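Subject: Structure handed over, with notes

Hello,

Here is the structure we talked about. Please open it first and keep it in view while you read the notes that follow.

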Amino acid sequence: MDALIFDCDGTLADTMPAHYLSWQETLAPIGLVFPEDRFWALGGWSAEAIIRQLAVEQGVTLDPARVAREKDRTYARHLSSVRPIPEVVAVAAAARGRTPMAVGTGSTRRFCEEILRRIGVAGWFDAVVTAEDVPAGKPDPAIFLEAARRLGIPPSRCTVYEDSDPGLEAARRAGMARVDVRTLRSAGAAPIPVVAAVLERDGRTLVCRRPARKRHGGLWEFPGGKVEDGESRLDALRRELAEELGLEVQVAGPLLFTATDPGASFIVEFHRVEAAGDPVPAEHPMVAWCTREELAALELAPADTRFVQHLLRAR
Ligand SMILES: [Mg+2]
């Protein structure tokens with residue numbers, strides 16, 4: 001993937017307790033009820049959209065814009081309690097300066113920028129798109145599509161980090177890959193599966209050089225990538241090798257080795273693969289067919305280094 005787009009509230013910053021408190025303080029005096037399950041279900045919606053929805057459901061007549069301003073005033077008083085979400089900020093820190101990054105939030109610019117400053121990530125992002133920049137909020141894909149447009153990266157090459165169902169739906173409609181940070185957090189940074197293809201012909205193994213501006217840029221790796229939600233390992237290998245190299249995977253498996261990537265939440269699975277066609281690199285600047293000795297001499301990415309050490313030991 002070529003760009004990362006982060007939601008702000010509940011993804012980069014733990015603002016949800018502050019939001020929940022300010023909603024209760026704002027809505028209780030005007031007789032609107034906002035139970036916690038509804039609060040989570042409407043994550044990513046703009047304040048005005050939430051108020052309008054609750055008012056319709058509960059038969060209350062009010063001015064949504066005025067109530068939204070009151071909620072904002074209350075929220076501003078709770079901002080000092082906001083903390084970064086370390087698992088997600090670590091992803092941004094690792095990609096910073098290598099990968100184009102944006103924030104796509106249903107919040108307002110004023111609050112978003114204040115929060116980014118408070119959690120120490122102001123200036124990390126090439127674009128910040130807020131609810132004020134687009135005609136419709138999440139689950140409409142407009143916020144994420146606008147972020148991709150400002151980054152100059154096609155939506156299909158963006159990965160969205162999100163904590164809410166409407167936000168994940170917006171990313172899906174935008175045609176983007178998605179990371180549900182709730183799973184990242186609840187499992188204490190549960191590893192994200194990555195498949196790597198071990199393709200051998202005539203005693204030589206195919207490896208690819210990573211683009212300079214990516215994580216581990218310039219290092220060599222086995223081709224592959226993240227397994228997406230609901231995808232089998234075979235599907236992921238087929239998709240990645242078709243996208244990256246124009247190869248048609250015919251057989252995948254067995255699993256040869258797994259390695260974690262230190263400092264990231266990835267677990268890389270190395271699968272033996274048979275594929276038709278000659279590799280035509282679409283994403284890598286270089287590919288090479290290497291003997292074991294040549295592999296041992298290459299500068300490889302960390303997980304790939306461990307796999308090659310395993311291969312050499314296994315001989
Ligand atoms: Mg959120």
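Two strands pair if DSSP finds at least two bridges between them. Helices (H or I, at least four residues) and strands (E, at least two) are DSSP runs, numbered from the N terminus.

Before the rest, two remarks on the source. Residues are numbered from 1 along each chain as its sequence is written. The model is predicted, local features need pLDDT of at least 70, side-chain atom pairs count only at pLDDT 80 or more, and totals for chains, interfaces and linings use all residues.

The chain as a whole

The chain holds 12 helices and 15 strands. Its C-alpha trace spans about 75 × 35 × 35 Å along the principal axes. Of its 315 residues, 40% count as buried. A residue is buried if 20 or more other C-beta atoms lie within 10 Å of its own, exposed if 12 or fewer, and partly exposed in between, with C-beta atoms placed from the backbone. Contacts are also counted on C-beta atoms placed from the backbone: two residues are in contact if these atoms lie within 7 Å. Among the contacts with a separation of 6 or more, 67% are between residues 24 or more positions apart.

The two domains

The domain assignment gives domain 1 (1-190) and domain 2 (192-313); such bounds come from an automatic or database domain assignment. The C-alpha centres of the two domains lie 34 Å apart. Where they meet, eight residues of domain 1 are in contact with nine residues of domain 2. On the domain 1 side, α5 (86-95) and β7 (177-180) are the elements that give two or more residues. By class, this side has five nonpolar, one polar and two charged residues. Here Ala, Val, Leu, Ile, Met, Phe, Trp, Tyr, Cys and Pro count as nonpolar, Asp, Glu, Lys and Arg as charged, and the others, Gly among them, as polar.

The five-stranded sheet

Five strands form an open sheet in the order β5-β4-β1-β6-β7, and the pairing is parallel. Which strands stand at the edges? They are β5 (127-129) and β7, each pairing on one side only. On average, neighbouring strands of this sheet are turned by 20° against each other, direction ignored. Angles run from 0 to 180 degrees between N-to-C directions, and axes are lines fitted to C-alpha atoms, for helices over the stretch in contact.

At one end of the order, β4 (residues 101-104) and β5 run parallel and are joined by three bridges. Ala-102 stands opposite Ala-127 in β5. Helix α7 (residues 142-151) packs on the sheet, where it touches β1 (3-6), β4, β5 and β6, and its direction makes about 160° with that of β5.

At the other end, four bridges join β6 (residues 158-162) to β7, again in parallel. Tyr-161 has Val-179 in β7 as its bridge partner. Between these two strands the chain passes through helix α8 (residues 165-173), and this β-α-β crossover is right-handed. That word applies if, with the strands pointing away from the viewer, the path from the first strand over the helix to the second runs clockwise.

The four-stranded sheet

A second open sheet has the order β12-β8-β14-β13, with mixed pairing. β12 and β13 (248-260) each have a single partner strand, so one side of each is left without a neighbour in the sheet. Neighbouring strands are turned by 25° against each other on average, direction ignored.

β8 (residues 192-198) pairs with β14 (residues 266-276) in the parallel sense over seven bridges. With β12, β8 pairs in the antiparallel sense over three bridges. In β12, Gly-225 is the bridge partner of Val-195, and Gly-224 is that of Ala-196. Helix α10 packs on the sheet and touches β8, β12, β13 and β14, with its direction at about 105° to that of β13. Helix α12 (residues 302-313) also packs there, touching β13 and β14, at about 95° to the direction of β13.

One residue to look up

Val-227 lies in the loop between β12 (224-226) and α10 (233-245). Why does Val-227 count as buried? Because it has 20 C-beta neighbours inside 10 Å. Leaving aside neighbours within four places in sequence, Val-227 is in contact with Pro-193, Val-194, Val-195, Arg-233 and Ala-236.

Regards
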